Amino acid sequence: MRDSFRQALNRARQTGGDIQCAGEGFQLVELLGTGEISQVYRARRVGAVPFLATIKLSSAPAAAVRYAREAEVLREIHLLSPLLPEVVAQGPVEGDPSRHALVLPHPNGFWGSLEDLTARFPHGVDSAHAVWIWGRMLDVLRFIGAQGWSHGDVRPEHVLVHPEDHRIRLISWGSAQKGASMTDQTKDLLDC
């Protein structure tokens, strides 16, 4: 029975997908955005246990080092709280070693970033919603600061917003610092 399970698992893993990284296959579903060194996609894991993922795919050689750093930070900070992002896979794209990927679980229900929210509502967001969002943002920054971390790159495009309960998710942790000074932690607060 154990052998038949292993064979089924291996068959499921070999079902391919558009992108293979760290032995996992992913089918690209939608382009979410393009940055200086990355294209960000919503994707579906192909295999026995499919799930939605967010994949950063490199468009510049500098991304490999940045993704490795971000994965290292995320693995460490995820131990502090399961509410912070976790890494599914990171490394070169199989079949194209010049491209690298960072794969994270896709956060369910998040509509877009604060930058997207500003574009969608150019005359401003209702003040009650803004207070909830900023309160959640300050809670996250206070929590990571209490753990001795600073994010290092708080920008509107790095803050995802959930429209129903105003949760936020801080992304792009490649500039985070452990053992951050009060100056670095204060900079995070001033940048939000």
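## Exposure of Val 88

A residue counts as buried under 20% relative accessible area, as exposed over 50%, and as partly exposed in between. In this predicted model, Val 88 has a relative accessible area of 30% and is therefore partly exposed.

Val 88 sits in the loop that joins helix 2 (63-78) to strand 5 (89-93). Apart from its neighbours within four places in sequence, Val 88 makes contact with Phe 26, Phe 51, Val 103, Leu 104 and Pro 105. Between Val 88 and Ala 71, which are 17 residues apart along the chain, the C-alpha distance is 9.2 Å.

## Overall form

The protein contains five helices and eleven strands. Its C-alpha trace extends over about 55 × 35 × 35 Å along the principal axes. A compact globule of 192 residues would have a radius of gyration near 16 Å, so the 18 Å of the protein agrees with that form.

Of the 192 residues, 39% count as buried. Among contacts with a separation of 6 or more, 56% are between residues 24 or more positions apart.

## Surface and charge

The accessible surface amounts to about 11,000 Å², and carbon and sulfur atoms contribute 55% of that area. The side chains include 20 positive and 22 negative ones. The centres of these two sets of charges are 7 Å apart.

## Helix 2 and its cover

Helix 2 is made of 16 residues. From its first C-alpha to its last, helix 2 reaches 21 Å, which is close to the 22 Å expected at 1.5 Å a residue. The buried residues of helix 2 are Ala 63, Ala 64, Tyr 67, Glu 70, Ala 71, Val 73, Leu 74 and Ile 77. Their cover includes strand 3 (38-46), strand 4 (52-58), strand 5, strand 6 (96-105) and strand 8 (149-150).

Two further residues of helix 2 have part of their area open. Glu 76 belongs to helix 2 and has a relative accessible area of 31%, so this residue is partly exposed. Leaving out residues up to four places away in sequence, Glu 76 touches Trp 149 and Lys 178. Glu 76 and Lys 178 are 102 residues apart in sequence, while their C-alpha atoms are 9.6 Å apart in space. Glu 72 is also placed in helix 2, and its relative accessible area of 48% makes Glu 72 partly exposed. Glu 72 and Asp 165 are separated by 93 residues in sequence and by 30 Å in space, C-alpha to C-alpha.

## His 100 in strand 6

His 100 is a residue of strand 6. Its relative accessibility is 18%, and because buried means under 20%, His 100 counts as buried.

When residues up to four places away in sequence are not counted, His 100 touches Lys 56, Leu 57, Ser 58, Ala 64, Tyr 67, Gly 91, Pro 92 and Val 93. Ala 64 and Tyr 67 are among the buried residues of helix 2, and strand 6, where His 100 is placed, is part of the cover over such residues.

## Two residues with positive phi

Most residues other than glycine have a negative phi. Ala 22 is not a glycine, yet its phi is positive, at about 55°. Ala 22 lies in the loop between strand 1 (19-21) and strand 2 (24-34). With a relative accessible area of 54%, Ala 22 is exposed.

Ser 172 is not a glycine either, and has a positive phi of about 60°. Its place is the loop between strand 10 (168-170) and strand 11 (177-178). Ser 172 has a relative accessible area of 12% and is therefore buried. Beyond residues up to four places away in sequence, the residues that Ser 172 touches are Lys 56, Glu 70, His 151 and His 158. Of these, Glu 70 is one of the buried residues of helix 2, and Lys 56 is also touched by His 100.

How values were computed
Residues numbered from 1 in each chain as written. Predicted model: local features only at pLDDT ≥ 70, side-chain atom pairs only at ≥ 80, totals over all residues. Heavy atoms only, no water. Helix = DSSP H or I, 4+ residues; strand = E, 2+ residues; numbered from the N terminus. Rg over C-alpha atoms; globule rule 2.2 N^0.38 Å. Buried < 20%, exposed > 50% of the residue type's maximum accessible area, 1.4 Å probe, protein only. Contact = heavy atoms within 4.5 Å. Areas by Shrake-Rupley, 256 points an atom, 1.4 Å probe, with all protein chains shown as cover. Lys, Arg positive; Asp, Glu negative; His and termini not counted. Charge placed at Lys NZ, Arg CZ, Asp CG, Glu CD. Expected span 1.5 Å × (residues − 1).
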